[in-house]
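I opened this one to see how the two chains sit together. My notes follow in the order I looked things up.

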Amino acid sequence: MTTAVEDLVLGPREISYRNISRSNAAAANDDEEFDEEGSLLMMLRTLGEDAVIGWADIELDGHTTRLETRGEDELQVTFALIQLSGAWLIETARARGLTLFAWGQKPVTEPMHVFVL
Amino acid sequence: MRRPYTYVKWPHRARVIGPRFIPYRDATGERLEASIRVRMGAREFWTFDYVEGLEHVEGDDSLTGRFWVEMDGQRWAHTFRGTDEIHLLRLCMWFAGDWLIRTARDAGLTLMPDRATPVTEWPDLFAAAA
């Protein structure tokens, strides 16, 4: 007999960004009202004793993607999804001229640092 | 019955993420496993309803993430408060991983003995083997 396994849902996490070209650049310097929100939602599913599949659905400035990975356990898969999602967010923001977490002290350039803020 | 100033409310089912088992070798050469578990989903509420002069201040709540890490008979647990699970999970992995590395160093244990290089950074404990 097989047991139905529920997906483990993590998030959503809001991803703050600012599109300087869209907002008034001068006003955006010190006004948080120009910040916009993307989102990240993770799902994990246990496939067997040593196999977990996970995927992340991400949206940033109207651009969406699904990233998927497998691993031995939930924490390993979560860690991999954080790395993959962070890299995608940084790359997408760069390509579209967005500033991630514009209220932060420094620009975010490392995937793992996306989730510190 | 009035609510307490702060209280934690659990969902119907606790959501445990993990465990992740991390191999290590103790001082005698025996191979053992450390473990990390994270429990997510509880919310902590607080209110100022009964504090004189602060009755007008609106209460608030935050998500909590608690982790347990065990190795070589030692155990540590800690709870973080935050706004979302992904942020909390990363915090739990970071602090649990740092504790494992520090504890192993102090106790003369070798984390992940099959690795070519010693573990010095917490992400090494969670990344898949190359």
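Helices (H or I, at least four residues) and strands (E, at least two) are DSSP runs, numbered from the N terminus. The model is predicted, so I kept in mind that local features need pLDDT of at least 70 and side-chain atom pairs count only at pLDDT 80 or more, while totals for chains, interfaces and linings use all residues. Residues are numbered from 1 along each chain as its sequence is written, with chains lettered from A and ligands numbered from 1 in the order in which they are written.

**Sheet of chain A.** I started with β1 (residues 8-19) and β2 (residues 36-48) of chain A, which run antiparallel and are joined by eight bridges. On that pair I found A:Ile15 opposite A:Gly38 in β2(A). Stepping back, I traced an open sheet of five strands in chain A, ordered β4-β3-β2-β1-β5 with antiparallel pairing. Its edges are β4 (63-71) and β5 (98-100) of chain A, each pairing on one side only. For angles I took axes as lines fitted to C-alpha atoms, for helices over the stretch in contact, with values from 0 to 180 degrees between N-to-C directions. With direction ignored, neighbouring strands here are turned by 25° against each other on average.

**Helices on the sheet.** What lies across the strands of chain A? I see helix α2 (residues 74-96) of chain A across β1, β2, β3 (51-60), β4 and β5 of that chain, at about 155° to β4(A). From the other chain, α1(B) packs on the sheet too, touching β1 and β2 of chain A, at about 100° to β1(A). Contact here means C-beta atoms, placed from the backbone, within 7 Å.

**Interface.** I counted 16 residues of chain B in contact with 17 residues of chain A. On the chain B side, β2 (15-25) and α1 each supply at least two residues, and α1(B) gives the largest share, six residues. By class that side has nine nonpolar, two polar and five charged residues.

**α1(B) and beyond.** Helix α1 (residues 85-107) of chain B has 23 residues and reaches 32 Å from first C-alpha to last, close to the 33 Å expected. Just after α1(B), B:Gly108 takes a positive phi of about 70°. Next I checked B:Met112, in the segment after β6 (110-111) of chain B. Leaving out residues up to four places away in sequence, B:Met112 touches B:Ile22, B:Pro23 and B:Val119.

Technical notes: The expected span of a helix is 1.5 Å times one less than its number of residues. Two residues are in contact if their C-beta atoms, placed from the backbone, lie within 7 Å. Two strands pair if DSSP finds at least two bridges between them. Ala, Val, Leu, Ile, Met, Phe, Trp, Tyr, Cys and Pro count as nonpolar, Asp, Glu, Lys and Arg as charged, and the others, Gly among them, as polar.
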